[in-house]
Amino acid sequence: MATVEQGGAGGRGDAGCIDGGGPGRDVDHAREAGRVALDTGGASRPAVVRAGLWLVVAALAVRQVMAVASLPSRDRVADLASWIHGGPAAGTPFAGLVLKPLARPEPQAVAAGWTLGTLLLVALLAWVAVRALPAPVSRRTESLALPAALVLLLLALPVRSAFSLGQIGVIPVLLVLLACFHAPSQRVSGLLIGCAAALQPALLLFAPLFWCTGRREAARTGGIVFAAGTVLAAVAMPRASWTYWIEQRAGTGVGGRPEGLANQSLHGALLRLGLSGPLEIALFVVLAGAVCWFGLRRAVRYARDGQLLLAVALTGCVAVAVSPVGWRHQMLWLLLATAGRVGRRAVDRPVWPVAVVLAMTLPSTVLLPNLVALAPVRDNVLLLVAVAAACAVPFLERGSAYWQSPVPKGYAVGAPGRWSWVPLLPFWRRVLGRPNLLLELLLIRVGYSLYSHIRAAATGGRGVAEDNGRQIVAVERALGIDIEHAVNAVVVQTPWLKAFFNFYYTSFHFVVPLAILAVLYWRRPADYRWARASLGLGTVIALFGFWLYPLAPPRLMPGLGFVDTVHGPQDLAHPQYGAMTAISNQYAAMPSLHFGWSLWCGIVIVLLAPRLWQKTLGLLHPLFTVCAIVATANHWVLDAVGGAVVIGCGFVLVHVLSGPRGPAVKGVVEEVVAQGARPDVPPQRPGAREPGVTAS
């Protein structure tokens, strides 16, 4: 039996159950208990989530205000100050003319007023965007959309820079949305579009969108208002206008180097690739023309399909990409593009919004490793996502059978716990299908990058780490397990053992867990999810150990005679480990994730491997790993105990939150495979009152 829930953000209805006949009364009782739990908890859960989101919004707003207040007075809203005092900034002369009145108050008052005003503008932008979501919108989406949109906006890098630097990227986006969704007439709509284009000239591309969708008066008015605003700024600020339009070629050289990473336009990308001169200009014109052609055609198509918010987002992405300068703070259009739905399967729906949110909220160095071969992608992440949204991402049309009802996820029936004294909190429902590979790879990369940064920041200093090392030595001596020095001495005097353990320590820490995850993903998707979750939770718990108990490993303890067999003798005050020296925390030793991850590998292999020799190999890996970490003087024995504890906690948490994996779950896996939820066939749910229940 598999409880199957229809995914999709746009429908309302009830979860159905595809029932193929249970193998026994216990499974029926488990299914009924799970259904009752969902019925009683489902009503209150959205309210709790909504309250939590509003608390996050308040915390982010306070944090942003405090971040601006903590800056030196000369650094607050620096771009805004440059605009209003006639200096170079990444904006048009019309923007300087509009912001000129802010030159009169005191700078501190300007900074405070700008921060408060930006908060209000962000709130209004979120409200307008949520109101513009294409119908139908489920009640759950309707109740959570506004606080969720505010959280995403306050986390987005463009909005954060608008607060601290005084950039105006929020204002043109808000003007365009008001023109498209809340203008009382086409003339007012054109007025708003013209003002937005006067602030950011590439937004004049909204005129073709309006023209092709039947709003021709708005398109004409927008062009006239843009021209009038530009002429007015030229009359009032002739020198600034000449510099912007003539000397700097429509602002190409204003506000920063055009080849800098902040310029996420096609022009900036070509300059970063080393192109220049007529060749670069010709290639830019060709690429910009192609992006305009494909992007605007798609925007018009989605506007006629009733997805005007998506059409606006795509046109904004085109405008930023083809502009000579497309600064990061102008990239808010990407967040609006998450209104589009991508994927026929419910499991694929989160891929596009998650990718956009990560690109908008995290530095590109977190998304991609620092490899030379990846530099063209890493340096142009926002541009590539914008061009993909405008020209390539296959957003569903509202007439698609998958718009409200994607191919559903299959969920396992809850199995009764083996131990009555272990409480079970069915927080997660065990999904049976294979997760989206792109989403998994993206989350693994981002998760490991964040883990590395947090681990590197968790240091209490050399003195504290060495004091904690002496505590560990004392405890091990009291327990009679202080074997590290003897093992290290034997390995140092035995060349083949030294070579073996050095190789094992440096080679298998990442390879084996990744290989196991890959095999589970391909061959055992239902088991992949709980195995991945247990490893992730155990790793998160280990971070608390790194922060709360910095510990010097044996190789960094003075006066104890340990030899670092991997890197050789070290200056304990300034150890050197090649490229890892600057990014790794040498005092993050308790718990040992070298052993913890290897133990996770052993447990997973023992539980899932079908043959005895495979289980034996699985047990040998943690055995060799604990020998390697002790022999190379990288960990104490108690570090390995700590690694076992955190990984054990990971398995326990998964058991408590999602229930046990047992025969009932295995039977469900076989049944779902037999029923075959095919991605090329729309889901059919006889008896459901209405399709399109959002998948949890």
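**View 1. Contacts across the whole chain.** Among contacts (heavy atoms within 4.5 Å) in the protein chain between residues at least 6 apart in sequence, 78% join residues at least 24 apart. This is a predicted model, where local features need pLDDT of at least 70, side-chain atom pairs count only at pLDDT 80 or more, and totals for chains, interfaces and linings use all residues. Residues are numbered from 1 along each chain as its sequence is written, and side-chain values use heavy atoms, with hydrogens and water left out. The protein chain has 29 helices and three strands; these are DSSP runs (helices H or I, at least four residues; strands E, at least two), numbered from the N terminus. Of its 696 residues, 48% are buried, meaning under 20% relative accessible area, with exposed over 50% and partly exposed in between (1.4 Å probe, protein chains only).

**View 2. The largest nonpolar core.** A nonpolar core here is a set of buried Ala, Val, Leu, Ile, Met, Phe, Trp, Tyr and Cys residues joined through side-chain atoms within 4.5 Å. The largest one holds 101 residues, and Val176, Leu177, Leu332, Trp333, Leu334, Trp352 and Met360 touch the most other members. Helix H15 (residues 308-322) gives this core its largest share, 12 residues. Zoom in on Leu334: leaving aside neighbours within four places in sequence, Leu334 is in contact with Cys317, Val356, Met360, Leu382, Val385 and Ala386. There's also a second, separate core of 25 residues, with Ala542, Val604, Val646 and Ile647 among them.

View 3. Gly650 sits in helix H28 (residues 637-658). Is Gly650 buried or exposed? Gly650 counts as buried because its relative accessibility is 0%. Not counting residues up to four places away in sequence, Gly650 touches Ser534, Leu537, Gly538 and Ile541. Arg532 is 118 residues from Gly650 in sequence, yet their C-alpha atoms are 9.9 Å apart.

**View 4. A nonpolar patch on the surface.** Leu450, Ile454, Val540, Phe544, Trp547 and Leu548 make up this patch, with about 630 Å² of accessible area together. Areas come from the Shrake-Rupley method with a 1.4 Å probe; for residues, only the protein chains shown count as cover. Patch members have over 30% relative accessible area and no salt bridge, with nonpolar side chains (Val, Leu, Ile, Met, Phe, Trp, Tyr) joined within 5 Å and like charges within 9 Å. A salt bridge is a side-chain nitrogen of Lys or Arg within 4 Å of a carboxyl oxygen of Asp or Glu. Helix H21 (437-457) and helix H25 (525-548) are the elements giving two or more residues, and H25 supplies the largest share, four residues. Leu450 lies in H21 and counts as partly exposed because its relative accessibility is 37%.
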